[in-house]
Amino acid sequence: MDASANASRVYPARLPAIAIRDVVLFPHMALPLSVDRPKSVAAIETALPAGKLMLAVAQKKPGVNDPSPDDLYAYGVVSEVAQSLKMPDGTMRVFLEGHKRARVLKLAEDKERGCLMAEVEYAEAAADKTPEIIALMRHAVQAFEEYVKLGTRVTLDSVSMLAQIDDPSKLADTIAANSIFNIPDRQEVLETSDVKVRLERIIKLLAKEIEILDIEHKLHSRVKGQIEKSQKEYYLNEQMKAIQKELHQKDDFSKELDELKKKIKAVKMPKEAEAAAEKELARLSRMAPFSPETTVSRTYLDWLVGLPWNVETRDAIDLEAARKTLEEEHYGLKKPKDRVIEYLAVCTLTKKLKGPILCFVGPPGTGKTSIARSIARSMGRNFVRMSLGGVRDESEIRGHRRTYVASMPGRIIQSIKKARSRNPVFLMDEIDKMGSDWRGDPAAALLEVLDPEQNSEFMDHFLDVPFDISKVMFIATANTLWGIPVSLRDRMEVIEFNGYTHNEKIAIARQFLIPKQLREHGLQETALKPDGAAIDAIIRGYTREAGVRNLDREIATLCRRIATKVVEKKLKEVRITEANLHEYLGVPKFLNDRREDNGVGLASGLAWTENGGEVLAVEAAAVPGKGALILTGKLGDVMKESAQAAFSYIKSKDFVPSSYIQSRAFHIHIPEGAIPKDGPSAGITLATALASLLTGRPVKKGVSMTGEVTLTGRVLGIGGLKEKIIASFREGLYTVLFPKVNVKELEDIPAEIKDKMRLVPVSSMDEVLELVLEKGRAPSARKKQKVAK
């Protein structure tokens, strides 16, 4: 039926309605339908004898099987059933032709007919072909042509069909029916009765679709170009291989594969590692030479063939030569030297022994790192060092998994490769400085490395095959054991490095430090001639440490100043004495004689730090108050508790009337308040200072003490006794009171110190006070007591 016939035809105000899903029917549009819902079949059967007209309305939700009036849009298209065919199963095949858009006034189910009946009004608005309408029609046709060129859903026949349409409304509906595929957008166009507005809306929707199609086209072209490039490269590579095969030549990639294959056979890997390498090599041969996966495989194979799977150095098992090497390079350090000699002796008898796992613990500058290097030399082994300070990632130890291009083995495997043998002396420096965070705990990863029962099959995440590190001699260094987890500490043999004595420092300076600094500064051996008093003055006045690191720096400073004089004044030698030392090093940094520190309310305690032993001055004073204890000097919680225990003990002894204590506040201060201080070993010192203050009896000169005190006055054991005694000796305090339970540690004290000091073991505060307090009151204390009374 043509357009003129439709225009003259009379359309009913009430007619059956059919709900259609997934499509919006437009006027002048044909739509084939397969109808199986009973209401829809009934609507068609009602329409066929009554002029074949019915209302086609789109569903809001296509998933609704039995739509109610509320599930349908308010606008539809009055359509004619052009063809219909009823199937044996009761369903129907129909062909609808859209005629006019209509607005639903009322939609309800007709129980008698079994279908939806709609009351409608016709919303088609007439449109004159004004210049603006004509311009919009042309613009819409142009946009549709561009849309057809970019898209694949619409054929070019649709464009030629538009040229024959002269009616603006029909043109708009035809373009919308063939270009807009979004249901809400189609429905919005259908509900727009004004032709001008409808054309404008269609142009906007087409512009949006064209922009999307243009982007899709660009993406498609880009992807297609990349694929074509890869295919071209593959094709050319295959051609090159074929040509080289004919000419009996090989490309660089094939040569590299052959070299890797030879290396895999040459390094004599274990069977499991060799199988993994051959499998990866076969995988690599099937890859494109320049792909990212090729880089990962190459790196993996390079690491496998670069490791010393079967390379060992022979231990130089000559005890006398090893002992001589160790003695030449280090002064003292008897315990670590003896341990190495013991290891070599056992190797001589057994011919094979798993590498020991040692942990050198001591203050900085005591030779922990340097003696590890000397141990390697004395044994004839390669040496490798790994610093663990600040390491927080478990992958630093175990390696990164091969899931990205930049993945690498852990530092254990890296260091083994660097050592070029599978039995080096492996130094793990600063093992107590490791941390942990969300990336894992490296200390836990080291448990496998440092376990002799497990490290014969150490598994690095990158290699993913076992590597035997059981023959490695591991040496760890730490300043304290506190920073090492107990489980990790249990796997290591701890050897303590105590601080050097004064005489040891003088010997080290003469034999090692001065010759080394002269060589490094280009000076002749005769250029610097310090006498014994000058070296003694450097140690006492310019350094205060357990090791010799600062002493080495001061000697380096001295050599620089001497080098300047040698160059400027053409001197051949410079004599350094105690009298002219300050001209080169400046004013002494430390006043070492603290024998006059003690007095009423003043006592000298001993403390242990990472840098060795230290002497602490403890001061006590009474001020008006209400019996409170005031503590200053940046004390830690443990030291505060020791002070409270000492104060309670002193109050229980009734040195003064309780009224005196209640009318005073007692202030304890430990000078150098910017330095944190903690630990229980200052207990007897705090109690002594308070007892001296309350009794007015001064503490004897030249006395220091260390020990923990209880509420009943017992003196408990402490740690670091050797370092504390050395510190007391260094400061000129030659009498030391220490807990009786620590007597067994006196054998570690060097004889040169032990012979010059009075070392007194004590078990109670009564003994301490009897030994350290003067018999009579000080004159100033008597005066204060009279004022107090």
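Buried would need under 20%, and exposed over 50%. One caution before I go on: this is a predicted model.

So what does Glu45 pair with? The partner is Lys86, and the two side chains form a salt bridge, 2.5 Å from N to O. Glu45 sits in helix 2, residues 38-47, while Lys86 sits in strand 4, residues 75-86. The pair therefore ties together parts that are 41 residues apart in sequence. Lys86 is also on the list of partly exposed residues, because its relative accessible area is 47%.

Now the wider view. How many helices and strands does the chain have? There are 28 helices and 24 strands. The radius of gyration is 48 Å. For 789 residues the globule rule gives 28 Å, and the chain is well over that, so it is more spread out than a compact globule. Along the principal axes, the C-alpha trace spans about 135 × 95 × 60 Å.

What share of the residues is buried? Of the 789 residues, 48% count as buried. The chain exposes about 40100 Å², and carbon and sulfur atoms supply 52% of that area. Then contacts. Take those between residues at least 6 apart in sequence: 74% of them join residues at least 24 apart.

Next, charge. The chain carries 120 positive and 110 negative side chains. The centres of those two sets lie 7 Å apart. Side chains of opposite charge can pair when their charged atoms come close. How many salt bridges does a search of the whole structure find? The count is 35.

Two more examples. First up is Glu430 with Lys433, where the closest N and O atoms are 3.1 Å apart. Glu430 has 27% relative accessibility, so it counts as partly exposed. Lys433 is partly exposed too, with a relative accessible area of 33%.

Then there is Glu554 with Lys589, a salt bridge of 2.7 Å, N to O. Glu554 belongs to helix 20, residues 549-569. Lys589 belongs to the loop between helix 21 (582-585) and strand 16 (602-609). The parts they tie together are therefore 35 residues apart in sequence. Lys589 is exposed, at 53% relative accessibility. Some salt bridges also share partners: Glu312, Arg422, Asp468 and Lys471 are joined that way into one network.

Where is Arg339? It is in helix 12, residues 334-350. At 18% relative accessible area, Arg339 is buried. Residues up to four places away in sequence aside, Arg339 touches Pro356, Leu358, Glu493 and Ile495.

The other one is Arg491. Its place is the loop between helix 17 (486-489) and strand 13 (493-496). Arg491 is partly exposed, since its relative accessible area is 25%. Which residues does Arg491 contact, leaving aside neighbours within four places in sequence? They are Ile357, Leu447, Leu450, Asp451 and Gln454.

Note on methods. Residues numbered from 1 in each chain as written. Predicted model: local features only at pLDDT ≥ 70, side-chain atom pairs only at ≥ 80, totals over all residues. Heavy atoms only, no water. Helix = DSSP H or I, 4+ residues; strand = E, 2+ residues; numbered from the N terminus. Buried < 20%, exposed > 50% of the residue type's maximum accessible area, 1.4 Å probe, protein only. Contact = heavy atoms within 4.5 Å. Salt bridge = Lys/Arg side-chain N within 4 Å of Asp/Glu carboxyl O. Rg over C-alpha atoms; globule rule 2.2 N^0.38 Å. Areas by Shrake-Rupley, 256 points an atom, 1.4 Å probe, with all protein chains shown as cover. Lys, Arg positive; Asp, Glu negative; His and termini not counted. Charge placed at Lys NZ, Arg CZ, Asp CG, Glu CD.
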